[in-house]
Amino acid sequence: MPRILITTDYLRPGDEVDRRLRSHGHTTVHSPLVGRRDPEQLVAALDGIDAALVANEPLTADVLSRATRLRAVVRTGVGYDSIDVAAAGRLGITVSNLPGINANAVAEYTLGLLLAAARGLVRSATGVAAGNWPREDGHELRGSTLGLLGYGAAARAVVPLARAFGMRVLCTTGVPENERTDPFVRFVELPELLAESDYVSLHTALTERTRSLLDACAFRLMKPTAVLINTARGALVDEQALADAVRTGQIAGAALDVVSEEPLSTGSPLRGVEGIVVYSHLAGQTAEARAATGLEGAAEVIAALAGHPRFAVNAHLLPSTSAGAKTN
C-alpha cells in the first residue's frame, strides 16, 4: 500500500483530498510545513514514503537521495524551484507541478496589489490605526501602463482585468512568437518595458537566468513614479537593490507577496523602507484555488504512481525505466 506524505499546510486528515487518495488504496501521512523545516526532519518525514504532495519544501539532491522509496513528488502549485528536478530525474523520481491551477486567484490578487499601491490603501489604514486621518491623493489605474514579466497562465489572466481598468499592457517573455496571440498586449524587450511601465508585475519562473533579474541596473531604467509588484518568486528581485531604489526615490515603491526568505527575516533590507509593503505569500490562497489545487494534486499523485504523470516537469531527465516502475 503506497504511503503518501502531504506537507501542504491547508490539506488535512479526513478532507476530500485525503479521502480521494485513500479510496485509491494509498496511506496518507500528514506533516504540514509551517515556517522552516530542518533538512534532517524532512529526511525523516520522507522515510518509507512513495510519493509526496508538497508545498515549498526544499527537496535538495541530498534529501532526495536519502528518500529511498520515493517515486513521485507533486507540487501543490506552479513553481517548483525548491526542488532539485535534475537530481530527482537521476533518481527516477518524477516531479510534477500544477500549471495554471491558481491563475485566476493570482491575477485577481495582482490587481488588488495594483489598486492598493495606486491609492495608498495600506498607508491610509495604518495611519487611521495610529490615530491619524491621512488624506493624500492616490492615482487612477486608467491610462497607466502595466508591464508584465512573463506570459504564463497568471500573466495572461491579468490582461483582461487590467484592460477593464483602462490600462495599457506591455509584456516581456520568452514564449515563442506564435503563442503571443493577445492583440491587446504589446510584446517588447525588457529595457523598453521597464522604461515605459508605471507598474511592473513579475510572473516569470525562477531560474539561474532570472535570479536577481530586477537589480540595480533594472531599477535605474524604471520611472521614479513606478511601482514593482511581485507575486512570482522573491529571488527574482535583488532585495538590497530594491530597498536602495525605493529609499532614494529611484522608484516609488513595491508591493511584494513573495520574498527571498519566507517568513520575512528580521534582518531583511526590505524592513522599515517607506513605500515597500510585504505581504505573506497569499496570491494563490483562495478557498477556490486551494480546493482545486488539492484535488488536482491528488489526481497527479495517483497518475504518477501508476507510471503516467500528466504534468511531469522532468520527464526528459528520467532514466529509460520510468519512475512509475521504480522498485526498492
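Contact here means heavy atoms within 4.5 Å. I took helices (H or I, at least four residues) and strands (E, at least two) as DSSP runs, numbered from the N terminus.

**Ground rules.** I am working from a predicted model, where local features need pLDDT of at least 70, side-chain atom pairs count only at pLDDT 80 or more, and totals for chains, interfaces and linings use all residues. Residues are numbered from 1 along each chain as its sequence is written, and side-chain values use heavy atoms, with hydrogens and water left out.

**The sheet.** I started with the strands, counting two as paired if DSSP finds at least two bridges between them. I found 5 strands in an open sheet, with parallel pairing and the order β2-β1-β3-β4-β5. At the edges sit β2 (27-30) and β5 (94-96), each pairing on one side only. Neighbouring strands are turned by 15 degrees against each other on average, direction ignored. For angles, I used axes that are lines fitted to C-alpha atoms (for helices over the stretch in contact), and the angles run from 0 to 180 degrees between N-to-C directions. I then checked β4 and β5, which run parallel and are joined by 3 bridges. V73 has V95 in β5 as its bridge partner.

**Helices on the sheet.** I looked up α1 next, and this helix lies across β1 (3-6), β2 and β3, at about 145 degrees to β2. Helix α11 lies across β1, β3, β4 and β5, running at about 160 degrees to β3.

**Salt bridges.** I counted a salt bridge when a side-chain nitrogen of Lys or Arg is within 4 Å of a carboxyl oxygen of Asp or Glu. The structure has 17 of them. For accessibility I used buried for under 20% relative accessible area, exposed for over 50% and partly exposed in between (1.4 Å probe, protein chains only).

- R22 and D18 form a salt bridge, 3.3 Å from N to O. Both are in helix α1 (residues 16-23), and because they are 4 residues apart there, about one helical turn separates them. D18 is buried at 5%, while R22 is partly exposed at 44%.
- D50 pairs with R69, with the closest N and O atoms 2.6 Å apart. This pair links distant parts of the chain, 19 residues apart: D50 is in the loop between α2 (39-46) and β3 (51-54), R69 in the loop between α3 (61-65) and β4 (72-75). I noted D50 as buried at 7% and R69 as partly exposed at 32%.
- E296 forms a salt bridge with R310, closest N and O atoms 3.0 Å apart. E296 is in helix α11 (residues 287-305) and R310 in the segment after α11.
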